[in-house]
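Hi,

Here is the structure I promised to pass on, with a short tour of what turned up in it. Have it open while you read.

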Amino acid sequence: QAGKETMWIPAVAMYPSDTGGCAAVAGTELASDINRPFLKTLAFDKDSDEAAQFSVAFPKSWNEGTITFVPYFTANTTNTGDVKFMLKGRAFSDNDALNQDFGTAQGTAKSHSGTAYDLNVGAESSAITIAGSPAADDQVFFQIFRDVSGDDLTADALLLGIKLHFTTDAANDA
């Protein structure tokens, strides 16, 4: 059935940008107990915008329209400040030059709970238009970044991953 779909992109599938990048993926063991989650996160600094990137080849059933995202993050602090993540993307078809700018970013802000290592699930962002005239079988590159001018959490925001929302116009990829 065609309609709104989701795709999970974990932090371990992302990589820091060489210029203005966040910290590399790091692990955090919350307790020395094998029965608890071991977190793999990207740390985004509180003092400057930092970015990471990833890419996706959407299913052929994607309608090549706008997408949205929901960030999942935590922090090792009792601060209750907001964190604002932004996302932008660009689609590339076969034989396209890869040295082109991303489209316009959209974001979503969420307050940290005030408890260290609580899971924070942001609101769904506004619609993001993918630059580059998306088409079936494109590879879409994304950049996610923390917009520190739009937040006030006084600690690193530890991104666990994002949920991408996209719309399909076919029931399958046949």
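A word on terms first: a residue is called buried when its relative accessible area is under 20%, exposed when over 50%, and partly exposed in between, using a 1.4 Å probe and protein chains only. Please keep in mind that this is a predicted model, in which local features need pLDDT of at least 70 and side-chain atom pairs count only at pLDDT 80 or more, while totals for chains, interfaces and linings use all residues. Residues are numbered from 1 along each chain as its sequence is written, and side-chain values use heavy atoms, with hydrogens and water left out.

S61 lies in the loop between β5 (51-56) and β6 (68-74); strands here are DSSP runs of E with at least two residues, numbered from the N terminus. Is S61 buried or exposed? S61 counts as buried because its relative accessible area is 7%. Contact means heavy atoms within 4.5 Å, and beyond its neighbours within four places in sequence S61 has contacts with T167, T168, D169, A170, N172 and D173.

L98 belongs to the loop between β7 (82-92) and β8 (106-111). With a relative accessibility of 57%, L98 is exposed. Neighbours within four places aside, L98 is in contact with F92 and F141. L98 and F141 are 43 residues apart in sequence, and their C-alpha atoms are 9.6 Å apart.

Now to β5, where five of the six residues are buried. Two strands pair if DSSP finds at least two bridges between them. β5 pairs with β2 (residues 15-16) in the antiparallel sense over two bridges, with P16 opposite A52. β5 also pairs with β10 (residues 139-146), again antiparallel, over six bridges, and there V56 faces V140 across the pairing.

Finally, the nonpolar core, meaning a set of buried Ala, Val, Leu, Ile, Met, Phe, Trp, Tyr and Cys residues joined through side-chain atoms within 4.5 Å. The largest one has 32 residues, and those touching the most other members are F58, I67, L87, F142, I144, I162 and L164. At least two residues each come from β1 (4-10), β4 (38-44), β5, β6, β7, β10 and β11 (157-167), and β11 gives the most, with five. Beyond four places in sequence, F142 touches a list of residues that includes A52, F54, V56, F58, I67, L87 and L164.

Note on methods: Helix = DSSP H or I, 4+ residues; strand = E, 2+ residues; numbered from the N terminus.
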